[in-house]
Amino acid sequence: MTTNHELFQRALARIPGGVNSPVRAFKSVGGEPFFTARADGAFLWDVEDKRYIDYVGSWGPMVVGHNHPHVRAAVERAIQNGLSFGTPCPAEVTMAETIAELVPSMEVVRMVNSGTEATMSAIRLARGATGRTRIVKFEGCYHGHGDAFLVKAGSGALTFGTPTSPGVPDALADLTLTLPYNDLEAAQKLFAEAGDTIAALIIEPVAGNMNCILPRPGYLAALRELCTRHGALLIFDEVMTGFRVALGGAQALYGITPDLTTFGKIIGGGMPVGAYGGRRDLMQQVAPAGPIYQAGTLSGNPVAMAAGLAMLDLIRVPGFHDELDRRTRLLTDTLQAAADEAGVPLSINRVCGMFGLFFTSGTVETYAQATACDVAAFNRFFQAMLQAGVYLAPSAFEAGFVSIAHTEQVIADTYQAARAAFVQAAA
Ligand code: PLP
């Protein structure tokens, strides 16, 4: 039998860091990643046939659980007809219509192949449509690995970006302004000083890339108003929250209409898919309807569309999100109880289908509070859970995901593992 360790050694020789996406490498939690052989429902099995309850869900897409028979059957049917055509195909039209039906702000939609492509394309469109060059993002928000987004905040609201990654030219980073999430005053100040140079403000309406941080009441509405007043576009990056926190995404949950929205993850049902879209007058400026160029050899791929549409069939069943919300609450309530029993300070943020565990006694609403939590305690907890067969995201700064396949029994088993793991985390 091939072991995880053997595979990782081979991978290290041929793949940077042994992985094709950095956080998979367990660098921040320590140890080596396991290699998944198969997945079903709430579970992963590694190549050594160890089973894990999975709270990563392929980083978000698997909201109905892994390997769902309805999605698998749709893919099996689609592949009978060929893998890629390079011409329009019917499923693309159905996909655009379905997205527009479920998310009314998505009047016109363009399919792409990843969340990164969606966000990069959305800001190109924002720049092209407004004739402005600057974009605003939030410290701790992740929008994929496009140059414009690999910029982290300085200390003040007007701080110009500095690249967090070598390879991002300063000239580009200077066009990305960063703000602290959930700080309305900072946003108002920035817009007062530079509003007429800002093409777009892009935000994760629930921040899922600095663990899980919810917007303060009224915050998103105030950002909407600021953007409108200053002629900047509001882009909701719903790559993570889309179809998860509500059928209509965070924009439905909080009652905000962005100008543009980006999707990924769930919309591909596990296949590599992204989408961006929004106001008709903006989207009609995208090539070939308009002059702003964006394209893709495999965009709207028939197999990917089949997987995504099958996924959307499953989650639009009435009551799906109420049940997902109930399961999420059950999980976070039991984890809180387990931490309390062990005397471990733990604060949990939660929204339908997403949660964040913070090793601190205070509430967490900002990036500064998230990064001040006890990362070493999280790492001990992560390792103890992994040992017990529960796979959490291998970083203190990633949200956890619950799927509809996480039954009450699975959650009860998670609770049992967590009781012991919190004791180890406290050590
Ligand atoms: N935007 C958000 C909010 C994300 O969480 C991610 C990925 O995690 C992306 C964009 C980038 O998506 P992808 O990894 O598909 O390029």
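In this predicted model, the shell around the ligand is made of 4 nonpolar, 10 polar and 2 charged residues. That shell counts 16 residues, and the closest to the ligand are S114, G115, T116, G144 and V239. Helix α4, residues 115–130, contributes the largest share of the shell, with 3 residues.

Helix α4 can be examined next. The helix is 16 residues in length and spans 22 Å from its first C-alpha to its last, close to the 22 Å expected at 1.5 Å a residue. Its buried residues are G115, E117, A118, T119, M120, S121, A122, I123, L125, A126 and A129. In general, an α-helix has 3.6 residues a turn, so residues three or four places apart point the same way. After α4 comes G131, which has a positive phi, near 70 degrees.

Strand β5, residues 134–138, is largely enclosed by the rest of the structure, because 5 of its 5 residues are buried. The side chains of a regular strand alternate between the two faces of the sheet. In β5, R134, V136 and F138 point one way, while I135 and K137 point the other way, and all are buried. The charged residues R134 and K137 are therefore on opposite sides of the strand, and both are buried.

Strand β5 pairs with two other strands. With β9, residues 198–203, it runs parallel and is joined by 3 bridges. With β8, residues 176–179, it also runs parallel, and 4 bridges join the two. I135 takes part in both pairings: its bridge partner in β9 is A200, and in β8 it stands opposite T176.

A separate sheet is built from 4 strands in the order β1-β2-β3-β15; this sheet is open and its pairing is mixed. Its edge strands, each pairing on one side only, are β1 (36–40) and β15 (390–391). Strands of a sheet pair through backbone hydrogen bonds, either parallel or antiparallel. Strands β2 (residues 43–46) and β3 (residues 51–54) run antiparallel and are joined by 3 bridges. L44 has Y52 in β3 as its bridge partner.

At the level of the whole chain, the domain assignment gives domain 1 as 4–67 + 318–426 and domain 2 as 69–315. The C-alpha centres of domain 1 and domain 2 are 25 Å apart. Their contact involves 27 residues from domain 1 and 28 residues from domain 2. On the side of domain 1 that touches domain 2, at least two residues each come from α11 (320–342), β13 (347–351), β14 (354–358) and α12 (367–371). The largest share of that side, 4 residues, is supplied by β14. By class, the residues on this side of domain 1 comprise 17 nonpolar, 8 polar and 2 charged.

The last element is helix α10, residues 302–315. This helix has 14 residues and extends 20 Å from its first C-alpha to its last, close to the 20 Å expected at 1.5 Å a residue. Buried in α10 are V303, A304, M305, A306, A307, G308, A310, M311 and L312. The cover over these buried residues includes α2 (69–79) and α3 (90–102).

Technical notes. Residues numbered from 1 in each chain as written. Predicted model: local features only at pLDDT ≥ 70, side-chain atom pairs only at ≥ 80, totals over all residues. Near = placed C-beta within 6 Å. Expected span 1.5 Å × (residues − 1). Buried ≥ 20, exposed ≤ 12 C-beta atoms within 10 Å, placed from the backbone. Pairing = 2+ DSSP bridges. Domains from an automatic or database assignment. Contact = placed C-beta atoms within 7 Å.
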